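Hi everyone, thanks for coming.

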Amino acid sequence: MNGLTVMLQKGGVGKTTIATNLADRLAARGHEVVLVDVDPQGSATEALGCGDAYTADTHLAHVLDPDDPSSASDLLRTDTEPWGVDLVPSNAALHQVSATIQTADDGEAKLYRSLVRPLSDRYDWIVFDAPPTIGPLADAALVATRRAVLPMQLSKPSADALVRTVTNQLFPLSDRLPDSDPIEILAIVPNRVKGDNEERRVLEALEDSQFDRFLPGFARSSHLERDDSPGPGIRERIAFRRAYRDGVSLAAHDETVDMIDRFDALAALADETVKPDENE
């Protein structure tokens with residue numbers, strides 16, 4: 001099973017929008033996909049219409065407990081139509097999971113052994129929607145998937161958060177992992193883009209930095225000069241809010257929205273970067 005974690009050390013960047021719609025487009029490519037919501041806010045769980053699971057008696061903490069008979073399959077929600085992806089929901093008791101990971105000697109690996117590996121025969125992709133802060137839940141998701149998608153707004157606070165995330169979280173975690181299997185950045189995705197001059201300045205600064213190679217083709221400033229493009233990145237569209245309100249993906253809400261092609265491109269990029277042995 002292949003995996004990726006959508007995260008940034010900042011809230012309000014549209015992380016859940018990226019995670020849910022990327023999972024949906026991976027499924028549209030013919031993959032079996034499970035979305036894991038380890039953000040205590042539970043936005044992805046709400047988006048997939050499973051808000052009732054937030055107070056469920058059985059949750060991730062039980063699966064991580066070696067003395068508890070609960071299994072990864074016990075957490076799965078498959079009643080997520082029309083999304084086409086299954087869900088491991090968030091829960092009000094996720095603080096227990098964070099404490100378990102933090103205090104255990106091999107806490108970060110527990111999430112892989114107890115949740116990801118048992119589901120590996122059932123799914124092609126596992127997508128984590130991580131909390132917007134550094135901590136055990138986000139760290140464990142990154143260790144389990146070894147790939148990160150970093151959504152950001154084109155603003156100085158988001159750019160600063162990007163640097164913090166890479167410097168204070170991804171690099172230290174990678175240093176503790178085998179050299180042959182570090183955490184990789186799949187993509188940096190400018191999100192909620194409106195198109196003002198300050199956003200242009202931030203995007204051009206990204207292109208002149210170490211992060212340039214992680215910007216997908218649709219996210220580049222060259223789109224500012226193209227008559228056939230709405231501009232770079234994932235643009236603000238009222239359809240995102242309406243889709244969330246209705247508990248459906250962007251594509252299910254309105255298949256004509258111009259941003260769907262960009263999620264398709266991101267899903268294609270994920271597929272292109274899969275190592276051969278991950279498909280075996």
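Let's start with Ala-252, which is partly exposed at a relative accessible area of 41%; buried means under 20%, exposed over 50%, and partly exposed in between, using a 1.4 Å probe and protein chains only. Ala-252 sits in helix H10, residues 250–253; helices are DSSP runs of H or I with at least four residues, strands are runs of E with at least two, and both are numbered from the N terminus.

A word on the model: it is predicted, so local features need pLDDT of at least 70 and side-chain atom pairs count only at pLDDT 80 or more, while totals for chains, interfaces and linings use all residues. Residues are numbered from 1 along each chain as its sequence is written, and side-chain values use heavy atoms, leaving out hydrogens and water.

Now, is Ser-174 buried or exposed? With 16% relative accessibility, Ser-174 counts as buried. You'll find Ser-174 in helix H7, residues 156–175. Leaving aside residues up to four places away in sequence, Ser-174 touches Pro-182 and Ile-183, where contact means heavy atoms within 4.5 Å. A polar atom of the Ser-174 side chain lies 3.1 Å from the backbone nitrogen of Ile-183.

Finally, the UniProt record, an unreviewed entry, places the feature "domain: AAA" at residues 5–161; UniProt positions follow the numbering used here, feature names are shortened, and annotations may be inferred rather than shown by experiment. That span is 40% helix and 13% strand, and its end C-alpha atoms lie 16 Å apart.

How values were computed:
A polar contact is a pair of N or O atoms within 3.5 Å; within protein, one must be able to donate a hydrogen and the other to accept it, and residues adjacent in sequence count only if both atoms are side-chain atoms.
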